[in-house]
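Please keep the sequence and the 3D view open while going through the points.

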Amino acid sequence: MEYYNENINKRHKKQDIPSINLKGVVIQNNQIIANVFNSYYSSVAKQIKEDIQTLNNIGNVQNPATYLHGILQQPLPSVNFKYVSTNEIEKVAKSLKTKESHGYEEIPTKVIKHIVSCISSPLAHICNLMLRSGIFPTRLKFVEIKPIYKKGERMDISNYSPISLLPSFSKIFEKIIFRRLMYYFDHNKILANNQFGFRNNTSTELASYLLINKTLEALNNKLLVGGIFCDLRKAFDCVDHEILLTKMYNYGISGKELKLITSYLQDRNQRVIISSRSKQYCSEWESIKQGVPQGSVLGPLLLVTYINDLPQTINTLANTILFTDDTSMIEKSTESCEFLHSVQKKHYKC
C-alpha cells in the first residue's frame, strides 16, 4: 500500500491543470480556475445533502438523525483530556513526517522538528490553554487546498480530490487531541470491530484477509455468496457537524472536551492553490460550514466516529467490513431467491 501511494503521488504531484469545463464553458485562466475549485469544494457537500433529501422524500429512506439515540446512547464515562508536557510535545513533533510542504504559514514540519526542543515549552503552554479552555487556536484553522487528479476526464473538477495543507503547528495540536480521543475510544471499546481504518493494530491487509476468508468460508460450505461494495461519496466533505457532535456526546465526549471538538470544526477557512509553470495562483479565503479536512491528523478519526454505527444500521453486522469510508458487505444463503432478495434489500439501503 505504501508503494502504491508513493507512486500515485509521484505521478500526480506536479501536474498542472491547464483548463476545466464549467457547464460547457472551457476556462483556462488559472486565477479563475482556483476560484472555481474553491467554490466547488465549499459547496459540494450542500449539493449532495440536497440530493439525499430528495432521495429521502422519493424513496422514504430514513434520515440518519432519527436513529442516533436508539443506537448510540450508552452508559459511558465522560472523557477528561489530560494536560500535555514539554516531553510529549517533543515526541509528537518528532513523530511527524519530515516534509518540506507547508500551509499558509510557510513553516514545514522539517523545520519544526529541528527546533522543537527550543520551542516545546511555549507550545506546551499554548496547548494546555487549548485543553483548559476548549478553544482550538483560530489561526490554525486556515487550510490551503491542492486539487489532485484521481481519474476520468481531466477537465471535470469532480475528478480532483481536495488535499489539505494544514499549518504544521496544527498537526501537533491535532495529534495531542487524537491521542487522547483514541485512548478513550480504545479503553471503552467504542469503535466498531468492523472498522479497520485509522486504528491501532489494523490495516488494509487485515481487512482484505477477513473479506477473502469470509468469502472462501461460505464457498466451502456450498453457500451462494455475493458482495456489495460501497464508497461513500465525498465522505470527508459531507460530515454533518451537528450529527457528529451529537454522536460524540453520546459516546461520552462532553464539557470542555466536546467544546474543543466543536471549536476545531467551526469557523474554518480554506483557499485553493493552483500551480502552473512554477507559479502559484490562490483563490480567496472561503468559510467552511461542513466536513472535516482531508490530510489532517484528526479528520479521519472524526469521520470514523461519524460512521461508527453504520454496520448496525444495515443489519449485517457480522459480515460488514469497513476501511474508513469504504464499506464491504458479504451476503450468504442456501437459496437463490432468498439470496437475491437480501442483496437487493442491502443495495437499496446503501
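**Notes on the chain**

1. Among contacts in the chain (heavy atoms within 4.5 Å) between residues at least 6 apart in sequence, 72% join residues at least 24 apart. The model is a predicted one, in which local features need pLDDT of at least 70 and side-chain atom pairs count only at pLDDT 80 or more, while totals for chains, interfaces and linings use all residues. Residues are numbered from 1 along each chain as its sequence is written, and side-chain values use heavy atoms, with hydrogens and water left out.

2. The chain holds 12 helices and 10 strands, where helices (H or I, at least four residues) and strands (E, at least two) are DSSP runs numbered from the N terminus. Of its 350 residues, 45% count as buried; buried means under 20% relative accessible area, exposed means over 50%, and partly exposed lies in between, with a 1.4 Å probe and protein chains only. The accessible surface of the chain comes to about 19,300 Å², and 52% of this belongs to carbon and sulfur atoms; these areas come from the Shrake-Rupley method with a 1.4 Å probe, and for residues only the protein chains shown count as cover.

3. Strand β3 (residues 142-149) and strand β4 run antiparallel and are joined by six bridges, and two strands pair if DSSP finds at least two bridges between them. Within this pairing, Tyr149 stands opposite Tyr160 in β4. Strand β4 (residues 160-165) is mostly covered, with five of its six residues buried.

4. How far apart are the end C-alpha atoms of helix α6? They are 29 Å apart, which agrees with the 28 Å that the 20 residues of α6 (residues 168-187) should span at 1.5 Å a residue, the expected span being 1.5 Å times one less than the number of residues. Because 14 of its 20 residues are buried, α6 is largely enclosed by the rest of the structure. After α6 comes Lys189, whose phi is positive, near 50 degrees.

5. Gln195 sits in the loop between α6 and α7 (204-220), and it counts as buried because its relative accessibility is 3%. Leaving aside neighbours within four places in sequence, Gln195 is in contact with Thr202, Val304, Ile307, Leu322, Phe323 and Thr324.

6. With neighbours within four places in sequence left aside, Ser120 is in contact with Thr86, Ile89 and Glu90.

7. The structure holds zero disulfides, a disulfide being a pair of cysteine sulfur atoms within 2.5 Å.

8. Lys23, in the loop between β1 (20-22) and β2 (25-27), has a positive phi near 55 degrees although it is a residue other than glycine, and it counts as exposed at 83% relative accessibility.
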